[in-house]
Amino acid sequence: MVIRTTRDFSNSRPLDVHRWSDYPEVNTFIDVIHAEHFSDISHKKTKTHLKVILLDLYLCWLEDEEKSLGVGMSNSFYNYRSRYNSLHLSNHLIAVVRRLHERGLIGLWKGSEWSGKTTRIWASESLVKAFQDTALNEFMVHTHEDKETIILRDLKKKPVEYRDEELPAAEAAKVTSMRQQLEEYNEALFNTFIDIPTLEKGYIESLGSGRDDVRHSISHHHKRVYRVFNNSSFDQGGRFYGGWWQNIPKRYRKDIFIDDQSTVEVDYKSIHILLLYAKLGLDMDEEIKGEDAYTINIPFTDDEGDARRLGKQLLLICVNAKDEKAALKAFRSLLVDEGYGKQAVSLKDKDLLPLIQLLKDKHPKIQDSFCSGAGIYLMNLDSEIASLVLDDCLHMNILPLIIHDSFIVKSFDEYVLRQLMTQAVKSVVTATDVKMSLTKNEDLYLSEFLETKELDTLKTSRYKHRLNLWSKQGRARKQYHENEIIS
């Protein structure tokens, strides 16, 4: 029976098939559910499938009680041999989901192809009570260590199954090195408390591209980072993804704390434009002879600052678009999102094409790269720069939160980060002048120097509860691992 519900099924995320934990409290909880509801099923991996589902339902409920998990309910969703399925879960997961629903442990909304949604599941009241009665906490759960962090996708953005031993020797060595770097980075992220002290809830709500509300979870379990390469090539793309700080609206990033300390974000200015000039051995400022790189005449605004901002957006779109049609479509969509409404929708290609030409006239030496698909190669360059910054930071015991061409670090690490960012660019291309911008929350900046009472007012009860839980679990985790070593 499908439960009737008023849940918003757009507020969901896919089931994470890599949830795991070896804590005794977790295993005891899973054993009890298995013995009571699955003892008659002989499949040898039932308990593995059950653990993954229950742990992700638990985390989903903690993140947002109104959120659901999307689950594929057809055999084609599961390839237990895939390198992207480290626990080798099979279509047996479907049978486990159905049993959980039959026993009233989960709610279920059946998806369909016509709806464009996979089946949604969520913890029922009885399962929530079981969560509340157990000794579990969110910091007992982790991502399975064998989850693949180097993702290769084809032209249709579907995962490519590759084998390290079948790659050319140089490429295999590169992939191994990248994977080792991410292993170290993810270990550091996992052992660091990263949160926003001013948030009352465990998520941030914003408008998505479809203009529907989107909830971005601020969670310990959404910070495992991976790299994505495109078009079946390890020379295209390669950017770092996975951290929740990449998905939240930009205005919230300045409020992030790392290990209960304030942060700053340092951003490369116009990195892709700089890279295009640098690849030709040119300096952008010298080439444009002191003119502003972005200011062009925008016929539908009289505001100079607004015109410059839109010119910059259009230039970046042109650099990354595969052709003019794609660039115009993206720019028109941007104008709608920026609130230009009917005025933007009514603009034809012939009205917008002259704007692209104005940018080409301003940047004649690199105009051949506009609307050419060069962006995917530039992303590879900026990902290599980010990798160099990450390497140097980890070597110096600094933890950066990567956002493609910007980095968030503790406030005290700003100066060192700037030096490392400059060195990284010059290691990849010849660049005479690397410009950066800084974003910080003045009220939180260097907040550790505030009086205790004043600082306490800046932190919500949610944040203080999670920080306290993190501290306690850290001590418990240390004792647990020490006991493991002794035994």
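Q: Which residue in E5 is the bridge partner of Leu108?
A: In this predicted model, strand E4 covers residues 106-109 and E5 covers residues 119-123. These two strands pair in the antiparallel sense over 4 bridges. Within E5, the bridge partner of Leu108 is Ile121.

Q: In what order do the strands of the open sheet lie?
A: The open sheet is formed by 4 strands, and its pairing is mixed. Strands E1 (12-14) and E4 are the edges, each pairing on one side only. From one strand to the next the twist averages 30°. The order is E1-E3-E5-E4.

Q: What angle does the direction of helix H2 make with that of E1?
A: Helix H2, residues 46-63, packs on the sheet. Its contacts there are with E1, E3 (68-71), E4 and E5. The direction of H2 makes an angle with that of E1 of about 150°.

Q: At what angle to E4 does helix H3 run?
A: Helix H3 is made of residues 92-102. This helix lies across E3, E4 and E5. Relative to E4, H3 runs at about 115°.

Q: How many residues apart in sequence are the parts that Arg99 and Asp40 tie together?
A: Side chains of opposite charge can pair when their charged atoms come close. Arg99 and Asp40 form a salt bridge, with their closest N and O atoms 3.0 Å apart. Arg99 lies in helix H3 and Asp40 in the loop between H1 (24-37) and H2, so the pair ties together parts whose separation in sequence is 59 residues.

Q: Is Asp40 buried or exposed?
A: Its salt-bridge partner Arg99 has a relative accessible area of 13% and is buried. For Asp40 the relative accessible area is 54%. Exposed means over 50%, so Asp40 is exposed.

Q: Which helix holds Glu287, the partner of Lys365 in a salt bridge?
A: The side chains of Lys365 and Glu287 meet at 2.9 Å, N to O. Lys365 is in the loop between H12 (349-362) and H13, and the two residues are 78 residues apart. Lys365 is partly exposed at 47% relative accessibility, and Glu287 is partly exposed at 24%. The helix that holds Glu287 is H8.

Q: How far apart are the end C-alpha atoms of helix H5?
A: Helix H5 has 22 residues, 169-190. At 1.5 Å a residue, H5 should span 32 Å. The distance in the model agrees with this, which means the end C-alpha atoms are 31 Å apart.

Q: Which helix do the buried residues of H5 pack against?
A: The buried residues of H5 include Ala172, Val175, Met178 and Leu189. They pack against several strands, among them E7 (150-152), E11 (226-229) and E12 (237-241). The helix they pack against is H13.

Definitions and conventions: Residues numbered from 1 in each chain as written. Predicted model: local features only at pLDDT ≥ 70, side-chain atom pairs only at ≥ 80, totals over all residues. Heavy atoms only, no water. Pairing = 2+ DSSP bridges. Axes fitted to C-alpha atoms, helices over the stretch in contact; angles between N-to-C directions. Contact = heavy atoms within 4.5 Å. Expected span 1.5 Å × (residues − 1). Buried < 20%, exposed > 50% of the residue type's maximum accessible area, 1.4 Å probe, protein only. Salt bridge = Lys/Arg side-chain N within 4 Å of Asp/Glu carboxyl O.
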